[in-house]
Amino acid sequence: MTISIELEAPIQGHSVDELKDWSSLWGDLLHVDMVLLAREGLPNDGPSLFARRALWEAAVVAYGRTAISGRRQQQVGELVRILGHDAEKCHEEVMAWRNQHAAHRVDLAREKVDVRAILDPEPRRVKRIGIRVSPVLGPEDEGGALAARFQTHVKGLRDLTFDQRIRPLERIVIEECAGDIESLLQDAKPAEAPAVKGLSIDISPSGQET
């Protein structure tokens, strides 16, 4: 019985760079999805308030990376337009959270700070100063269902990124590599196992197809 050994070789090129960018973006969308899921599992009560707030802000900031230019060129904007009006509205609301409150303290409606003088009537003096910082903890504080809509939105973007960007690019890269198979085999090594420590997201667009 012959055992087939899979080999892998590093590849480069414009299509490969584009595939890298879309895969990185897909990884951020997966991160947002998992953070929102973790937040959903926490009770909305006193002991969990800071954790829920941290997870919400982490989700909107991570989502913002998919919409703002940086190292990678690809952004979710074109995909949001494909998904339609509801997706565009959700995108705008989440980005407002990101830009006006989570990443920068701009929106006065989402954080109130009161300063009061604590008085002692006798002997008519100011005893101390009391300061109360009241930030909005999440979309539930505003009476909306943005968190649930956000989860649905991210799932739609993940699926669209995978089906309409990553899979087609994989086919293009395979075609571009076809004429270079001998050179690739010279540089090939047995496929590496996933890292034991840290996080790595292995994406196989065509699954186990051969």
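**Backbone, helices and rings**

Tutor: P123 sits in the loop between β2 (111-120) and β3 (125-135); strands here are DSSP E runs of at least two residues and helices are H or I runs of at least four, numbered from the N terminus. This is a predicted model, so local features need pLDDT of at least 70 and side-chain atom pairs 80 or more, while totals for chains, interfaces and linings use all residues. Residues count from 1 along each chain as its sequence is written, and side-chain values use heavy atoms, with hydrogens and water left out.

Student: Which kind of peptide bond joins E122 and P123?

Tutor: A cis one, with omega about 20°. Most peptide bonds are trans.

Student: And what about phi of R124?

Tutor: Phi of R124 is near 55°, a positive value in a residue other than glycine. R124 is also in the loop between β2 and β3.

Student: Is R124 buried or exposed?

Tutor: R124 counts as exposed, because its relative accessibility is 73%. Exposed means over 50% relative accessible area, buried under 20%, and partly exposed in between, with a 1.4 Å probe and protein chains only.

Student: New topic: how do the axes of α2 and α5 cross?

Tutor: The axes of α2 (residues 49-65) and α5 (residues 146-178) come within 13 Å and cross at roughly 35°. Axes are lines fitted to C-alpha atoms, for helices over the stretch in contact, and angles run from 0 to 180 degrees between N-to-C directions.

Student: Which residues make the contact?

Tutor: From α2, W56, A59, V60 and Y63; from α5, L146, A147, F150, H153, V154 and L157. Contact means heavy atoms within 4.5 Å.

Student: How many aromatic pairs does a search of the whole structure find?

Tutor: Four. Rings of Phe, Tyr and Trp (its six-membered ring) pair if their centres lie within 6.5 Å; planes under 30 degrees apart are stacked, over 60 edge-to-face, and the rest tilted. One of the pairs is W26 with F162: the centres are 6.0 Å apart and the planes at 50°, so the pair is tilted.

Student: Where are W26 and F162 in the chain?

Tutor: W26 is in helix α1 (residues 14-40) and F162 in helix α5, 136 residues apart. W26 counts as buried at 12% relative accessibility, and F162 is buried at 16%.

Student: What about the rings of Y63 and F150?

Tutor: Their centres are 5.3 Å apart and their planes at 90°, so that pair is edge-to-face. Both Y63 and F150 are buried. Ring pairs also link W56, Y63, W97 and F150 into a cluster.
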